[in-house]
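Please keep the model open while reading.

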Amino acid sequence: MQSNTDSSGTSGTYSQTVGLLYVFNLIVGTGALALPKAFQSAGWLLSISLLTFSAFMSYVAATFVIEALSVANAVLSKKRRVEYDDVVVADGPSTFEIAKKVEVSEMASMFLSKVSLVFSYFAIIIYLFGDLAIYSTTVPKSAMNIVCSTINASIVKSSDPCHESWPEILTRMTVYRFFVIVFVVVVCLPMVIAGITKTRHIQIMTTLSRWAAFILMISLATMQLSSQGAAAHPPAYNFHGFGSLFGCAVYAFMCHHSIPSLITPMRTKENVFGKIAVVYGIVGVFYFTLSLTGAFAFEHVQDIYTLNFLHDDNTSFVYSIIDYFLALFPIITLTSSYPIIALTLINNFKVVKDILCPKTGQENESLLEADNQVEDNDTDDEREARNGNPARNEKTIFDVLVPTLVLALPTFLSLLTDDMLLLASITGSFPGVAVQFAIPCLLVTAARKHARSVLNFPVPRKNNSPFQSPFWIMLISSWAGFSMIMVLLNLVGVKF
């Protein structure tokens, strides 16, 4: 067993319970805020069924990442031997112990072909672009709704005035776009330029605020249902809402790119597959409770669920404090995460450039790993984002163009639309499918082959995913392909 040093690939260890809590916090991110609207649109029965199956497929893919991680550790253990061919069969199982953090990108470099490697990078890059677009839409839209008049009394349009007494030019969309520019240019751009990332104190603050926000939303919606009854009666199913629901489900269960950072520091990995299954089950119950109470408690669920609690009929001081806290919740959490995602995206572009145009004597550096959701245990990723590539100190056109593109493209998308549900469904349905399903399947297939043919030892049972049959890879692939087709049909307006 490795010690707690840099050579172990971790900055410290923690108990398995703490590690599982980190996994829970990572999964339950701001993507959950779009689920109640998706539930109300797709119908309660279809939503429960699809979210359950999507969560199961996500769990299967997560076990694939862990198995590939064990093979990657065996590869590194073999490389550390004095004699390259000194592989003793009796010592085989011990080399598969997960002692060193090997990011998904590093595993891709170990096991995948150049074509698959580039595909993996581009999938993550596009996914991170979607992440930034969601962030630069959610924060300004929340700010706009705090400033503008009520949205719960009736359905409002983006062309409606922010306030009746304000000039007509100051519509809700105009105010929203103003906040988009302020958020990106005034708030986030300086942090990206300075390479600022979250500190431990901000991590603690965002974790506590997330727990408080979700518990409050569930409690308030439940109280409203108990006192006033159901304000809406969603149908059992509405297949026209399949696309939004699937994309949000993928986005809501995204954690795969950060699994190595969370699993490796655990002091024990005993029965880790079963315990992660329990975490997925708890997250599923949490999502069902949040989404079903919201879908029935409000006549019109907003695409950012926290906005349903803003400017409501209860005007007491305590409720006002709670409502504004919930409205500010996405602003607090996403503003602190935006620079990390942006810096990681910039570094990914540089890695792809090095892969496609390699430099003599220069190794490919590690890829990603951050998301929307790496908000609660991403110190290693923050370090990668902050440091970038130390060998590249000189400024080139590429170094100027990439940061500009990274900030400009998501901002442009946010200026075009304030529909966070649309952005979340597209991000989850296309690049999200690649990150959550395709890349883990590619990794575990190549890792198993590498273990048999190069390491001359199969993956030990304790490190094996419970899903060994090729059937599971085919099932995930079929599910992902079917769902992407359904999402595309929904987007072009096909009725079912």
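Q: Which residue forms a salt bridge with Lys141?
A: A salt bridge here is a side-chain nitrogen of Lys or Arg within 4 Å of a carboxyl oxygen of Asp or Glu. In this predicted model, local features need pLDDT of at least 70 and side-chain atom pairs count only at pLDDT 80 or more, while totals for chains, interfaces and linings use all residues. Residues are numbered from 1 along each chain as its sequence is written, and side-chain values use heavy atoms, with hydrogens and water left out. With its closest N and O atoms 2.8 Å apart, the partner of Lys141 is Asp303.

Q: How many residues apart are Lys141 and Asp303?
A: Helices are DSSP runs (H or I, at least four residues; strands are E, at least two), numbered from the N terminus. Lys141 sits in helix 6 (residues 114-147), and Asp303 in the loop between helix 11 (272-297) and helix 12 (317-356). The pair thus links distant parts of the chain, and the separation is 162 residues.

Q: Is Asp303 buried or exposed?
A: Buried means under 20% relative accessible area, exposed over 50%, and partly exposed in between (1.4 Å probe, protein chains only). Lys141 has a relative accessible area of 9% and is buried. Asp303 has 7% relative accessibility, so Asp303 counts as buried.

Q: Which helix holds Arg448, the salt-bridge partner of Glu67?
A: The side chains of Glu67 and Arg448 meet at 2.8 Å, N to O. Glu67 lies in helix 3 (residues 44-79), so the pair ties together parts that are 381 residues apart in sequence. Glu67 is buried at a relative accessible area of 0%, and Arg448 is buried at 11%. Arg448 lies in helix 16 (residues 431-453).

Q: At what angle do helix 2 and helix 3 pack?
A: Axes are lines fitted to C-alpha atoms, for helices over the stretch in contact, and angles run from 0 to 180 degrees between N-to-C directions. The axes of helix 2 (residues 35-42) and helix 3 are 6 Å apart. The angle is about 125 degrees.

Q: How many salt bridges does the count come to?
A: One of them joins Lys101 and Glu103, whose closest N and O atoms are 3.1 Å apart. By the rule above, the count comes to five.
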